[in-house]
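Subject: Structure handover

Hello,

Here is the structure for your work. My notes follow below it.

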Amino acid sequence: MIEHAPVAEKVPTERSTHGDVYIDNYEWFRDKANPELIEHLEAENAWTRERTRHLDPLRDQIAREFSELTKLTDVSVPVREGDWWYYRRTWEGKEYPAVYRLRDVNNTRPDVAALSVVPSEELVWDGNKLSAGKEFFSTSGFAPSPNGRLGALGLDFSGDEHFTLRIFDIQQRSIIDDVVAGIGYGIAWTADSSAVVYSRVDDAWRSWQIWLHRLGTPSSEDVLLCQEDDDRFDLWHAPSRDGRWIVVTSASRTTTEVRLISTAQPESEPIVVAHRTAGVEYTVEPAGDHLLIIHNVNVPDFELAAAPIRTSRPEEWVTLLAPGPRERIGEVDAFGTFAVVALRSNGETELRVLPRDVEAAKPAAGTSYAEPHERKVWGEPVRVPAQELSTTELYPCPYWDSADIVYTTESLLTPPTQRSYNVATGEERTLKVQEAVGYDAHEFVEEGVWVTAADGTQIPMTIAYKAGARPDGTHPGWLYGYGSYEVANDPYFSPRHIAMLRRGLVIGWTHVRGGGEMGRAWYDEGKLLTKKNTFSDFVACGQWLIDNGWVASDRLAGEGRSAGGLLIGAAINQAPDLFRAVHAGVPFVDTLTTILNPELPLTAGEWEEWGNPIESEAVYEYIKSYSPVENVRRTQYPAILATTSLNDIRVFYVEPTKWVQILREKATNDPTARPILEKIEMVAGHAGKSGREARWQSQAFILAWLLDQIGATELIG
């Protein structure tokens with residue numbers, strides 16, 4: 001029996017910045033090769049195991065509930081690429097999906113219900129076979145070749161998000177090429193299916209190069225196509241839907257530059273759509289004979305424009321769709337006869353379809369289409385039907401000549417549902433509803449509320465609770481948040497949420513500033529020198545649940561991951577009495593140390609999000625005032641569970657491991673009633689373990705601990 005939590009050795013390291021001296025006792029954790037570090041991490045795991053052993057039956061029960069709420073043997077809605085329909089299968093008792101395909105017949109999408117038994121289907125790749133004998137398995141995405149014969153995958157077996165490129169013959173089920181290692185995300189084929197374009201990351205895990213690999217040649221002969229030398233910028237690439245281009249985007253948090261690489265002549269000089277200008281952000285979608293561009297040149301909430309396929313200036317771009325009040329235009333996807341615009345309107349997600357006049361879009365004989373405003377090519381946008389309080393997003397559809405769009409809606413209470421919308425006829429039909437076995441949405445209620453923040457701003461929050469529940473001040477509750485990078489924290493359906501609701505929890509799903517729910521201003525008011533709004537908004541949401549009687553004052557749990565883990569750390573420093581227990585997953589809690597070190601992964605590119613404390617004393621002082629590690633107080637904190645992964649390249653295990661030591665030293669918690677624990681996955685990445693059942697076990701571990709802390713372990717009628 002282990003009697004005490006691990007106490008790490010203190011090795012003082014002095015950090016001096018702008019005249020401020022900080023002593024870091026645990027920077028030595030950064031050396032993964034140090035056996036004393038590994039010994040310490042294993043001791044943390046052993047201590048956590050000791051303190052949670054009594055929860056094993058509850059954890060197993062919750063994991064069974066996840067499984068019971070999931071249709072284990074299932075098939076996805078097919079998507080078309082070339083002459084084939086591709087779809088995923090899952091099976092009971094298997095951890096990973098497999099991809100199959102069917103040749104197209106009569107230009108008709110196979111019905112999901114008819115895919116239960118398909119003798120003519122062809123296996124493309126099976127994650128269960130690829131992962132055999134591996135503790136971790138992940139891919140960087142799958143790309144079939146234009147001729148339909150080959151496939152390309154990036155494979156990761158450690159969780160560090162460095163992939164090996166594998167090219168294989170689908171029909172022969174043989175490996176053609178696997179000589180390129182250490183690639184990043186993104187795979188694109190050349191038009192003749194003879195080469196693959198991939199990315200590489202630098203030592204700071206910044207995607208900075210785009211390479212061409214010709215099949216059957218050694219990786220030493222690969223050709224560098226693009227390189228981004230400014231360490232504030234990342235490169236990413238994707239093939240255009242019309243097959244003509246590889247779109248290479250170089251972007252910082254505030255500035256963009258896009259190049260087009262020809263899939264027919266990949267080594268020719270790329271087209272720079274518009275050279276970078278500080279503060280100008282734009283994305284590019286090739287639309288056959290011209291480009292569709294979303295940009296912020298004229299309005300902060302972006303607009304949709306058309307432009308010729310050549311180097312141009314933003315003043316030449318022709319506006320097609322401008323945002324209305326309380327709207328933020330996000331993405332555009334072009335197809336042969338229409339385009340789909342994804343936007344947010346009054347905080348809700350929305351899709352609008354622009355029909356295309358194909359004849360008007362054709363250039364006159366002997367000419368090239370150069371100026372899209374010379375002809376009326378795009379019609380008026382049509383709203384795709386959407387449900388209130390549901391997230392609506394386009395389902396993957398790589399096929400240029402598609403006649404319809406497929407989109408997914410879901411919410412806290414609505415399982416993911418795929419629907420098709422025929423652009424020519426307006427016909428809509430349901431293709432698939434993710435089956436949640438034994439689940440009845442009428443058991444629960446979901447609604448949107450408004451919370452008044454510390455500065456008077458109205459903050460939206462989605463809440464859900466068991467039908468019939470009343471705000472009588474007795475319920476347990478769970479508050480979730482993120483609030484960074486203009487990422488909208490849209491509610492989604494999960495067996496985990498249903499397990500909570502069935503135990504009487506009131507869920508508070510926050511949409512705090514720093515996210516992307518309410519337009520660009522919403523993001524701007526929660527970054528840089530306004531970042532503290534994110535934390536105080538979250539605290540206000542938790543206090544609202546208590547003040548309005550939805551949650552008992554001593555039964556509120558909080559949770560967040562990554563930048564959301566920072567949110568948790570900052571919130572409990574600000575209001576340590578608000579939460580009874582919190583979980584911080586892969587938490588960015590040693591914020592200032594990381595942001596001060598540009599050699600660490602992602603740091604330099606983060607300065608436009610958090611500020612550069614090296615150059616600015618004001619930024620340094622501001623970040624130091626909220627960085628969780630440096631603001632732990634001598635007071636009672638909630639019970640705390642920090643989870644991390646040894647191979648996480650985005651937020652190093654170092655951060656929560658330091659944080660836990662400092663919390664144990666300063667917090668006045670009764671270590672039995674309010675423990676401070678850390679759980680480290682020794683072979684995993686930023687998202688934790690891979691595999692369906694392994695992830696359920698991880699989620700069940702966390703949820704069982706939270707439920708135990710807030711006295712909500714039993715299912716209620």
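**Glutamate 285**

At 13% relative accessibility, glutamate 285 counts as buried (buried means under 20% relative accessible area, exposed over 50%, and partly exposed in between, with a 1.4 Å probe and protein chains only). The model is predicted, so local features need pLDDT of at least 70 and side-chain atom pairs count only at pLDDT 80 or more, while totals for chains, interfaces and linings use all residues. Residues are numbered from 1 along each chain as its sequence is written, and side-chain values use heavy atoms, with hydrogens and water left out.

Glutamate 285 sits in strand E19 (residues 282-286); helices (H or I, at least four residues) and strands (E, at least two) are DSSP runs, numbered from the N terminus. Leaving aside residues up to four places away in sequence, glutamate 285 touches Arg241, His290, Leu291, Leu292, Val332, Asp333 and Ala334, where contact means heavy atoms within 4.5 Å.

**Loop residues**

Serine 193 lies in the loop between strand E11 (174-189) and strand E12 (195-201), and is buried, with a relative accessible area of 6%. Serine 562 belongs to the loop between strand E35 (556-561) and H8; its relative accessibility of 14% counts as buried.

Valine 487 is in the loop between strand E33 (477-480) and helix H5 (495-501). With a relative accessible area of 39%, valine 487 is partly exposed. Between valine 487 and glycine 514 there are 7.8 Å in space, C-alpha to C-alpha, and the two are 27 residues apart in sequence. Not counting residues up to four places away in sequence, valine 487 touches Tyr482, Gly514, Gly515, Gly516 and Glu517.

Helix H10 (residues 603-610) is mostly covered, with 8 of its 8 residues buried. These pack against helix H6 (520-524), helix H8 (563-574), helix H9 (591-595) and helix H11 (617-624). Just after H10, glycine 611 takes a positive phi of about 105°.

In helix H12 (residues 654-666), 11 of the 13 residues are buried, so the helix is largely enclosed by the rest of the structure. Among the buried residues of H12 are Trp659, Ile662 and Leu663, and also Glu655, Lys658 and Arg664. As for length, at 1.5 Å a residue the 13 residues of H12 should span 18 Å, and the end C-alpha atoms are 19 Å apart, which agrees; the expected span is 1.5 Å times one less than the number of residues.

**H2 against H13**

Helix H2 (residues 56-68) and helix H13 (residues 692-709) pack at an angle of about 125°, with their axes 8 Å apart. That makes H2 oblique to H13 (angles under 35 degrees count as roughly parallel, over 145 as roughly antiparallel, 65 to 115 as roughly perpendicular and the rest as oblique). Axes are lines fitted to C-alpha atoms, for helices over the stretch in contact, and angles run from 0 to 180 degrees between N-to-C directions.

On the H2 side the contact is made by Leu58, Arg59, Asp60, Ile62, Ala63, Phe66 and Ser67, and on the H13 side by Trp696, Gln697, Gln699, Ala700, Phe701, Leu703, Ala704 and Leu707. By class, the contact of H2 with H13 has 10 nonpolar, 3 polar and 2 charged residues; Ala, Val, Leu, Ile, Met, Phe, Trp, Tyr, Cys and Pro count as nonpolar, Asp, Glu, Lys and Arg as charged, and the others, Gly among them, as polar.

Regards
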